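Subject: Structure handover

Hi,

Here is the structure I promised to pass on to you.

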Amino acid sequence: MSFITPPEVELLIEARWILPMSEELPVLEKHAIAIDAGRLFGPWPVEEAHRHVSPKQTLRMEHHALLPGLINAHNHAGMSLMRGYADDLPLMTWLNEHIWPAEARHVTPDFVADGTRLAMAEMLRSGTTTFADMYLAPEPVAEAVERFGMRTQLCTPLIDFPTPWSADFHTGLRQTESLIERYHDHPTISLAFGPHAPYTVGDDSLAGLVEARNRLGLPIQMHVHETADEVEQGLARHGKRPLRRLYEAGLLGPDFQAVHVTQVDDEDVAILRDSGTHVIHCPQSNLKLASGFCPVARLQAAGINVALGTDGAASNNDLDMFDELKSAALLAKAVHGDAAALPAMAALAMATRDGAKALGMAHRRGQLIEGYDADLIAVDLDAINTLPVHHPASAIVYAMHSRQVSHVWINGKLRVDEGRLIDIDITQLKHMAHAYQQSMASTAQSRETR
């Protein structure tokens with residue numbers, strides 16, 4: 001009798017629970033999944049796993065749940081250095097009187113790179129493996145991402161007035177095209193256009209964006225219907241709501257990511273649905289800036305894909321996706337007056353599978369199934385605040401703290417081990433953050449005394 005030797009793999013993880021976040025697979029108990037060459041194999045029941053693979057290493061996690069690495073679908077990572085800089089203000093006051101003036105005084109490529117490094121350390125430690133970033137210096141952000149080993153959709157900043165990155169909107173389009181040559185088929189970095197918002201992008205710029213999108217094939221991420229004031233401005237200036245204006249310009253579609261979307265009527269919902277546009281929900285930022293409430297359950301019921309993002313730390317003030325998805329689940333229940341409006345598994349899907357779909361990565365990320373990228377996390381549910389575990393998804397969404405993230409793998413490489421960041425100098429990051437705080441405070445004090 002002959003026997004077939006199972007193929008060798010780098011690592012087999014045996015877990016108490018696996019949440020594949022696949023529509024076909026339920027929560028799995030006492031299952032194992034394998035990692036090899038940056039890809040996933042399995043999952044299988046623990047007792048069957050060694051029939052399928054021969055692991056070089058086996059990791060047994062008796063109190064842990066495995067799930068896909070979280071996907072933060074909207075962020076301004078470099079703004080982490082403005083965390084707490086201007087709080088308790090409405091959006092336009094926050095932007096016009098505080099954030100944009102501070103950016104004019106302080107933002108340099110080094111500022112953005114350092115803020116992004118601080119943000120990535122926070123995101124990794126709390127279970128995020130992929131993030132979409134929209135800020136003012138894409139090149140240093142990309143270099144920082146490569147060093148940290150995270151994945152990002154890099155949204156190039158496009159706006160009608162000068163920024164530290166480009167002189168105007170059309171210059172930004174040309175600079176985006178040059179970035180494509182550098183990062184085409186990059187393993188961890190993808191590109192997208194990042195026009196700021198309908199109220200900062202004129203009709204000529206929208207036309208140029210449509211031409212560039214059609215020619216280059218990049219997705220688009222944009223703040224849309226963030227506040228009632230934005231919608232009122234659009235009606236006053238253009239005679240139509242911003243979503244209608246974007247739709248008529250030919251921008252909306254399956255490659256468009258509309259961020260915030262707190263103000264919708266029946267026509268808006270129909271436009272989003274019929275165009276296949278994705279919505280990215282940022283509940284904590286919307287709450288903090290009093291921007292409004294995204295009607296998540298209403299959008300999902302219409303067949304619109306809704307992903308989840310934190311927005312930047314200047315308006316959140318953290319980048320903790322577990323905290324964000326709990327807020328999303330609870331807020332949806334209150335907004336819709338329905339305790340079943342956004343169940344725990346649906347909230348987790350927004351931060352994993354639905355986020356991957358919104359960013360155009362659904363064929364490789366956001367689920368723990370065979371052949372997908374080995375981007376996964378382990379959370380330890382053997383803590384006072386999560387015991388007893390009647391339902392692991394409920395424990396994760398409603399009771400777990402992100403400090404219970406014990407392990408993070410990206411492309412099969414371990415980035416967090418027993419809660420410790422690997423190859424990241426936390427002390428240096430702290431010193432850097434303190435130095436920027438003191439510099440910004442000194443500049444503000446100097447301006448006040450003039």
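Before the first finding, one term: a patch is made of residues with over 30% relative accessible area and no salt bridge, and nonpolar side chains are joined into one when they lie within 5 Å. Please also keep in mind that this is a predicted model.

With that in hand, there is a nonpolar surface patch of about 250 Å², made by Leu 287, Phe 293 and Val 335. Leu 287 sits in helix H10, which covers residues 283-288. Its relative accessibility is 41%, so Leu 287 counts as partly exposed.

Next, the aromatic side chains. How many aromatic pairs does a search of the whole structure find? The search gives two.

One of them joins Trp 100 and Phe 161: the ring centres are 5.6 Å apart and the planes stand at 75°, so this pair is edge-to-face. The cut-off behind that label is a plane angle over 60 degrees. Trp 100 belongs to helix H2 (residues 91-106), while Phe 161 is in the loop between strand S7 (151-158) and helix H5 (169-183), so the contact ties together parts that are 61 residues apart in sequence. Trp 100 is partly exposed at 22% relative accessible area, and Phe 161 is partly exposed too, at 34%.

The other pair is Phe 111 with Tyr 436, also edge-to-face because the planes are at 85°, with ring centres 5.4 Å apart. Phe 111 comes from helix H3 (residues 109-125) and Tyr 436 from helix H16 (residues 426-448), so here the parts tied together are 325 residues apart in sequence. Are these two residues buried or exposed? Both Phe 111 and Tyr 436 are buried.

Glu 103 lies in helix H2, and its relative accessible area of 9% is under the 20% limit, so Glu 103 counts as buried.

The unreviewed UniProt entry also has the annotation "domain: Amidohydrolase-related", covering residues 66-414.

Best wishes

Key:
Residues numbered from 1 in each chain as written. Predicted model: local features only at pLDDT ≥ 70, side-chain atom pairs only at ≥ 80, totals over all residues. Heavy atoms only, no water. Patch = residues over 30% accessible without salt bridge, like charges linked within 9 Å, V, L, I, M, F, W, Y side chains within 5 Å. Areas by Shrake-Rupley, 256 points an atom, 1.4 Å probe, with all protein chains shown as cover. Salt bridge = Lys/Arg side-chain N within 4 Å of Asp/Glu carboxyl O. Helix = DSSP H or I, 4+ residues; strand = E, 2+ residues; numbered from the N terminus. Buried < 20%, exposed > 50% of the residue type's maximum accessible area, 1.4 Å probe, protein only. Phe/Tyr/Trp six-rings, centres within 6.5 Å; stacked < 30°, edge-to-face > 60°. UniProt positions renumbered as here; feature names shortened; annotations may be inferred.
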